[in-house]
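Please work through the exercises below with the sequence and the model open beside you. Each task is followed by a solution that goes step by step.

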Amino acid sequence: MDVRRVLTEIGDEEQRAESSLDADTVRMVIEAILFAATDPVSEQQIFGLFGRKVSEDEIKNALSSLWEGYEKASSSLQIVKIGGGFKLTTRAQYAPWIEKFFTRRREVSLTKASLEVLSIIAYQQPVTISQIDYVRGVDSAGVVRGLLAHGLVTVKGRKKAPGRPLLLATTDKFLDHFGLSDLDSLPRPDDRIY
Amino acid sequence: MKDERLGIADCGRMNGALMNDSSFIIHTSAFRSEFRIQVQNYSGPLDLFVYLVKQEQLDLLSISVLGIVQNLAKQLYNGFLAGQACDLDAAGEAMLLTANLLYLKSRLLLPGLFEDDELEEELREPSAVLVQRILQYEEARAMADGLAEKERSRRALWFSGDSSQYAENEEDDIVGASVVDLALSFVGLLTRDEAEQVQFVSREKYSIAETVVKMIGILKATGSSGRCPSVSMREVFSHARDIEEKLAFFLALLELVKFSLVTAVQRRDSFNIRLKLLGDADLEMLRLELGANPESGRLELASG
């Protein structure tokens with residue numbers, strides 16, 4: 001066996017693999033990842049996937065190109081920025097058809113109490129349970145427990161205060177659940193003059 | 001939503017029992033109780049009424065709280081008879097407010113019996129601080145409405161693998177079960193002897209905390225979490241040893257549903273309710289909150 005020839009062939013194979021990562025390939029790989037993933041995919045994750053073979057700018061360009069492609073093609077699919085990453089989803093206007101296909105509407109939604117607690121945590125995080133109780137005027141520990149179980153909030157540490165109460169903050173799953181790209185996208189209350 | 005400012009003159013039109021006529025502006029948009037009451041010259045939301053009582057703008061001694069309680073009970077009962085969907089949040093809030101009124105009236109009728117009371121502190125709270133709290137809560141509710149809108153928009157977007165959370169092909173036409181459905185289903189699970197058993201007040205035989213942990217264990221053991229099929233309520237309740245434990249199971253189920261740890265669903269044409277564990281119940285938090293050991297199921301003193 002000619003070892004040198006084998007090594008050369010392996011080296012050529014790797015070079016071919018590296019050189020095949022052109023812009024189109026990068027774009028199609030990202031598209032495949034977005035289709036297969038159930039959670040939002042961040043730019044960091046995509047960058048880690050390609051290693052040093054693809055630069056961050058190339059990844060950004062590929063995502064931008066993908067987004068434009070779906071917009072121009074008038075597709076029923078779209079790429080949205082949600083929960084700190086990107087997701088391939090259907091467009092809202094086709095939701096009734098999809099629900100009809102699966103013969104079931106999405107009944108699961110958060111209760112009024114959960115939404116109130118989440119809004120306090122989202123806008124004032126990190127926040128303690130007693131601070132939430134103060135605003136709502138009722139015991140909110142049970143609601144917080146449910147939100148923790150669903151992964152919408154998490155414990156970020158303890159406050160340096162007597163009793164060392166837990167500090168709560170929202171998670172990426174919270175952003176995904178509400179279709180937000182980041183905390184800056186939170187809906188703001190109207191400016192009111194009292 | 002229109003922001004209404006209510007001046008003292010308007011308060012005077014509302015209630016002939018107004019105690020003082022100092023300048024007093026309140027923001028009625030903060031008061032949203034669905035239950036309205038009419039007493040003497042006041043007609044408006046229940047939560048506004050309680051607020052005015054606490055601010056000593058109304059003379060509770062001259063108002064019949066019994067009439068308010070009867071009015072509330074009538075509204076709830078008539079709504080139930082008419083088969084209307086009961087907003088449990090609003091009903092619970094109304095009951096809490098009415099209980100507050102009863103407590104305040106009892107304090108007026110029996111002064112000196114209540115000392116070092118938390119409510120005493122709340123009653124002494126300066127008006128400005130109380131109004132600020134109300135405004136903060138109003139803002140939180142407005143932002144919660146905004147989040148609800150975002151949630152509705154997000155639910156219209158589907159992605160690959162999303163359907164498995166909702167599409168259970170063997171369970172078509174599924175709807176969420178209400179508390180009334182749960183209660184009716186529980187009654188249906190009792191044997192004739194159990195249903196006819198004479199009820200008497202006795203020491204608690206099974207604690208709710210331990211039963212909550214036990215129920216979570218049953219649901220996990222039957223594999224009804226995540227994407228696994230749900231478990232029928234009958235099967236879960238079959239683990240109860242006697243009528244007392246069945247009652248404890250029912251109360252534990254209500255606790256789990258309240259904390260969004262379990263969902264109860266049923267077919268439109270069936271009374272058979274199925275239960276499903278949602279997410280991973282934070283057993284450590286349960287232990288701290290309820291004082292129950294999630295592993296042994298025994299009640300222990302919470303640490304920390």
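**Exercise 1.** Find the bridge partner of A:Arg158 in β4(A), and describe how strand β3 of chain A and β4(A) pair.

*Solution.* Start at A:Arg158, whose bridge partner in β4(A) is A:Leu166. Next, widen the view to the two strands: β3 (residues 153-158) of chain A pairs with β4(A) in the antiparallel sense, over five bridges, where pairing requires that DSSP finds at least two bridges between two strands. Strands here are DSSP runs of E with at least two residues, and helices are runs of H or I with at least four, both numbered from the N terminus. Finally, consider burial: of the five residues of β4(A) (residues 166-170), four are buried, so the strand is mostly covered. A residue is buried if 20 or more other C-beta atoms lie within 10 Å of its own, exposed if 12 or fewer, and partly exposed in between, with C-beta atoms placed from the backbone.

Before going on, note that this is a predicted model, in which local features need pLDDT of at least 70 and side-chain atom pairs count only at pLDDT 80 or more, whereas totals for chains, interfaces and linings use all residues. Residues are numbered from 1 along each chain as its sequence is written, while chains are lettered from A and ligands numbered from 1 in the order in which they are written.

**Exercise 2.** Determine whether A:Leu147 is buried or exposed, and list what A:Leu147 touches.

*Solution.* First, locate A:Leu147 in helix α8 of chain A. Then count its C-beta neighbours inside 10 Å: there are 25, and A:Leu147 therefore counts as buried. Leaving out residues up to four places away in sequence, A:Leu147 touches A:Ser114, A:Val117, A:Leu118, A:Leu152 and A:Val153, a contact being two residues whose C-beta atoms, placed from the backbone, lie within 7 Å. As for A:Leu118, it stands 29 residues from A:Leu147 in sequence, and the C-alpha atoms of the two are 8.2 Å apart.

**Exercise 3.** Describe how α6(A) and α8(A) cross, and which residues make the contact.

*Solution.* The axes of α6 (residues 112-124) and α8 (residues 141-149) of chain A come within 10 Å and cross at roughly 80°; axes are lines fitted to C-alpha atoms, for helices over the stretch in contact, and angles run from 0 to 180 degrees between N-to-C directions. The two helices are therefore roughly perpendicular, the class for 65 to 115 degrees, whereas angles under 35 count as roughly parallel, over 145 as roughly antiparallel and the rest as oblique. On the side of α6(A), the contact is made by A:Ala113, A:Ser114, A:Val117 and A:Leu118, and on the side of α8(A) by A:Val143, A:Val144, A:Gly146 and A:Leu147.

**Exercise 4.** Repeat the analysis for α9(B) and α11(B).

*Solution.* In chain B, the axes of α9 (residues 208-221) and α11 (residues 243-258) come within 9 Å, crossing at roughly 75°, and these helices are therefore roughly perpendicular to each other. B:Ile208, B:Thr211, B:Val212 and B:Met215 in α9(B) meet residues of α11(B), including B:Phe249, B:Leu253 and B:Glu255.

**Exercise 5.** State the element counts and buried fractions of both chains.

*Solution.* Chain A has nine helices and four strands, and 27% of its 194 residues count as buried. Chain B has 12 helices and eight strands, and buried residues make up 22% of its 304 residues.
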